[in-house]
Each structure stands twice: as structure tokens, then as C-alpha cells.
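Let us learn to read a protein model, one feature at a time.

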Amino acid sequence: MLRETTVAVWKSAEPEVVFTPELFKENAHARRTPFRVLPPDHSVSLSVDPVAFDAVLRVHPDALEVGTVRGEYSKDIKWSKFSAFFMWAFGIFSLAIMLLSVGRGGEVNPLYELYIVGLFGFMSYFMLCFGSYFWRSAKVNSLDDPVMFNRKSRLVYVLPYLKGGFFKFWVSGSHGAPVSYRWDDQIRARIYSYIYFRGANLASEGFELGLLAIREGTGNEVEHLIQLGVQSNGFDSTQLALWEHIRQYMEEDGPPLQPGDKLRATDLSRVPEFPPEIVAAAGGPALDQEAIDQLVQQKARP
């Protein structure tokens, strides 16, 4: 389905940008060498077939909203609910063991009793934190972090996601104020690879598309690094195809979706919307599926 890209594998030190200390600390990709460095000149084709896959959240008359890797996993929240109740149940069980142990009076050695209180008390609190984290994922936090590509104004809008607390389980995740970047000279793209383990001795290579937003006035300092779209294993053809889809949309009046593509199947009521003035600049509210299908048919290439 996908042609071989003309963008070579890089696997060397970052050639042109630097990361802020905060970003270097918080985002593992900022500490990795890029697998591919995509051309900073967005008019240059990647020489692959464009595919949106499961990444587009909303389509406006003049803009495209693309989701993130976090949203890829958040769209199905059933497992989060189950995990929350499982962790809470385990936490209550640990708390019960602790209370039963300390309620036996002189029957138990004081040092052993202190050990039991410390161990099961920590386990109970740790499970409470885990359960609250999964519950927030299922019922409270937003499911995705939309990035808007406005081809009329040639601006890219980012909604920075502020992670919630883990040990401070009462602190939920939230989004900061939207920030705009110029498509032509403040946006870069990288593909990052990393190794993860699916079992004791089974290692796999994963790939993610990184959207690098350059801080105004610096020329090369990355202010935001966003894991855009979806994750893939084994090959990075998915990331190449998605970026080519976005590039053609912005540079060549490409379709908002490719024939056969669908919007990301997620609960959009839990995906933050951009402020009214940004939506107005995008040509108005998001289009329904019928209007999107018409646009795709109109722009379908022979």
C-alpha cells in the first residue's frame, strides 16, 4: 500500500533543534536520537501514499484536528473502569489486613505490627492512587489532545496537556491555553523509535510521530513535543503516511480524509474544543460525516 519513502533513516544526534530543560526531563523522545528527520520544507513530499489512519478527530471547513497517541489508547475506556475497581478492591483488602493485624493487641510483636502497618498501609495507599488514576482516565480526564492544522491561516494550534498527579490522586489532568505556531517555520516533524518489552524476553520496536513546535523568537528551541496520531510496531510507515496526509492537506489542498479513512472513534464530548475565535478562523464548527464524505469525493485523486 505504501511506497518506499525518500527520507532516509537518521539514527544520529538531533541536527537542528534543542529542547527546553523541562521538555528534556518530561518527554523521553527529547532524550532520544530521531529515527527519521522529516524535511523542514513542508513543500517536499515524503514520496509515500497519504493515509490518515485513526488519527483525525474533527474536520472544519478550513482546518483539520488530529489526535495524539494518548488519545489512541484513551478512546476505549472500559479497561480503565475495570482497572479502577480492581485496584480499589485490592486497596480495601490491604487496608482490612492492616486493621485486623493492629487490632489484636498484645498477641502480636510490636515490631511485627509496625512492619504490617507500614507494608499494608503503603500498599493500600498505592492501590488507591492507581485506582484513582484509572478512574480519572475513564470518567474525568479528557480523552485526547487535539492539534489543529489551519490551512487558510497556515497556523497550527496546540492545546498543551498538563498531567494530573499520581500520589496526589485528587489532582486531575487538564489542558492549558491554546498556543499557535506558524506552519511554515515553527513546525518540525520527527519519527522516534524505542524498544519496549511485551514479555520477559520479547522485545519490540515501536514508532511514534513527533510534532515539534518551535518557541517564538528562538529559531530552534522546541517548546512542545507532541506524540501525534498513532503508534506502530515494526515499521514506521504509519507515521510517514500520516505526516504526508497532513502535509498534502496543508500544502496541496489535499482531502481531510483519504478514501476509506474514518474519524477516530472516540467520545468527542470528552475531547476539548478550541475557543470560539479559533473555531471561527477554521471556517466554523466541525463538519458532520456526510459533509466530510462529500469533500473526500470532490478531492479524490484519479
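A: Start with a definition: a charge sits over a ring if NZ of Lys or CZ of Arg is within 6 Å of the ring centre and within 35 degrees of the ring normal. Here R70 lies over the face of Y161, at 3.9 Å from the ring centre. R151 does this over Y249, also at 3.9 Å from the ring centre.

Q: What should I know about the model and its numbering?
A: This is a predicted model, where local features need pLDDT of at least 70, side-chain atom pairs count only at pLDDT 80 or more, and totals for chains, interfaces and linings use all residues. Residues are numbered from 1 along each chain as its sequence is written, and side-chain values use heavy atoms, with hydrogens and water left out.

Q: How many helices and strands does the protein have?
A: Helices (H or I, at least four residues) and strands (E, at least two) are DSSP runs, numbered from the N terminus. The protein has 7 helices and 12 strands. Its C-alpha atoms fill a box of roughly 85 × 45 × 40 Å, taken along the principal axes.

Q: What share of the 302 residues counts as buried?
A: Buried means under 20% relative accessible area, exposed means over 50%, and partly exposed lies in between (1.4 Å probe, protein chains only). Of the 302 residues, 44% count as buried.

Q: How do I read a pair of aromatic rings?
A: Such a pair is described by the distance of the centres and the angle of the planes. Rings of Phe, Tyr and Trp (its six-membered ring) pair if their centres lie within 6.5 Å; planes under 30 degrees apart count as stacked, over 60 as edge-to-face and the rest as tilted. The count here comes to 8 aromatic pairs. In one of them, the centres of F149 and W183 are 6.1 Å apart and the planes stand at 80°, so the pair is edge-to-face. This pair links distant parts of the chain, 34 residues apart: F149 is in strand β5 (residues 147-150), and W183 is in the loop between β9 (179-182) and β10 (187-197). F149 is buried, at 0% relative accessible area. W183 is buried too, at 0%. Elsewhere, ring pairs link F122, F126 and F130 into a cluster.

Q: How do strands make a sheet?
A: Strands of a sheet pair through backbone hydrogen bonds, either parallel or antiparallel. Two strands count as paired if DSSP finds at least two bridges between them.

Q: Which way do side chains point from a strand?
A: In a regular strand the side chains alternate between the two faces of the sheet. In strand β4 (residues 63-66), A63 and E65 point one way, L64 and V66 the other way, and all are buried. Strand β3 (residues 56-60) pairs with β4 in the antiparallel sense over 4 bridges. A hairpin joins β3 to β4 through 2 residues.

Q: How much space lies in the largest pocket?
A: On a 1 Å grid over the protein atoms alone, a pocket is an open set of points where a 1.4 Å probe fits, with protein on both sides within 12 Å along at least five of seven lines; lining residues have an atom within 4 Å of a point. Grid points are joined across faces, edges and corners, and a volume is the space filled by probe spheres set on the points. The largest pocket holds about 1,400 Å³. Of its 43 lining residues, the closest to its centre are R70, D145, Y161, K163 and Q227. β12 gives the most to this lining, with 6 residues.
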